[in-house]
Structure formats: structure tokens, C-alpha cells
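Look through the structure before reading on.

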Amino acid sequence: MDWLDRVARLRRWTNNGVRAPHKPLLLLYALGGYQQDADGELRYSAVEEELRRLLAEYGPSHPTTPAYPFHHLVSDGVWEVRTDQGPGSPGSGVRVLRSSGATGRLAPGLRAALAQEPSCPAAARLGPRPGRSRHSGRAAAVSATGHQTAVS
């Protein structure tokens, strides 16, 4: 399976036909981070509030946490998590992600594919363009999540 297929097939929680946007939003955020620093990692404690704001804007009407996609996106093969102790996610709890120094980034194979083909359609469609803010990817977030929220 190629990377575009893997991204298109992200497993998402659904309830009454409504699909949760958590994983696609985190992936979009990570692609934006990759464009700014291909080797960089996203420390959970540093990105938690911004991800929480994105979930509040594009997510379900009930309160939710970015801890779930930070941990669970690993199972889709596009994301990896490390802690101060080494590779692997400590779990989906907010406290344990913070206290363990959890960091996440795109999976090594996806980073390699993006590096080999920087004009990859996934990077072009999903991530913000160089010179624009991370929030400029919000239109792509709406498209990826299926929500028809107004985009600023």
C-alpha cells in the first residue's frame, strides 16, 4: 500500500455515521510541522493546547482531548511516538503523555517518501505552504475531516 492510500484509510472512530476528525487533524498538523522541520518532533506538552483548539473548532460538540490521536495514530502506521525512556507511546492519558516527555512525528517511511518526492500530492494538499502559518492548513483540515465549518 502506498502512503496516499494509507493516509486515505486512516481508521476513525464513528458514531451514528459521524466520523471523528482527531487523527486527520493531527496528521495535518504533523505535515505542517514536517514542512518546517523534517527531522523535528512534536512534544505533546508543547502542542497540546493548539491541538485542543483545533479539535474544539473542527471536532465533535462535546469536549475531547488531543491525547487520543497522539497515541492512537500510531496504529495506522503514519505516526510514531517516543518518550524520555525510548520508543513507544506510554498510552492515551493526558498526564502520562505529559510526564513521560512524549513526542510524536511522522513515521520514518512516510518522512522518507516525502523527502524523496517533496511535490508529493499528500504534502501539497494537506500541509500548509512554506511562508504561511500552520493555521493555513485549516481548509485542508475541513476537507480531510468532512466538517463544513467556516475557515478563517
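Q: At what angle do helix H2 and helix H3 pack, and how far apart are their axes?
A: This is a predicted model. In it, helix H2 (residues 22–36) packs against helix H3 (residues 44–58) at about 130 degrees. Their axes are 10 Å apart.

Q: Which residues of H2 and H3 meet?
A: From H2 come His 22, Leu 25, Leu 26 and Tyr 29. From H3 come Val 47, Glu 50, Leu 51, Leu 54, Leu 55 and Tyr 58. By class, this contact has eight nonpolar, one polar and one charged residues.

Q: What makes Gly 40 partly exposed?
A: Its relative accessibility is 26%. Buried means under 20%, and exposed means over 50%. The value lies in between, so Gly 40 counts as partly exposed. Gly 40 sits in the loop between H2 and strand E3 (42–43).

Q: Which element gives the largest share of the largest nonpolar core?
A: That core has 27 residues. H2 supplies the largest share, seven residues. Leu 106 is among the core residues with the most contacts inside it.

Q: Which residues does Leu 106 touch, leaving out those up to four places away in sequence?
A: Among them are Leu 27, Ala 30, Val 78 and Trp 79. Glu 80 and Arg 111 are also on the list.

Definitions and conventions
Residues numbered from 1 in each chain as written. Predicted model: local features only at pLDDT ≥ 70, side-chain atom pairs only at ≥ 80, totals over all residues. Heavy atoms only, no water. Axes fitted to C-alpha atoms, helices over the stretch in contact; angles between N-to-C directions. Helix = DSSP H or I, 4+ residues; strand = E, 2+ residues; numbered from the N terminus. Contact = heavy atoms within 4.5 Å. Nonpolar A, V, L, I, M, F, W, Y, C, P; charged D, E, K, R; others polar. Core = buried A, V, L, I, M, F, W, Y, C linked by side-chain atoms within 4.5 Å. Buried < 20%, exposed > 50% of the residue type's maximum accessible area, 1.4 Å probe, protein only.
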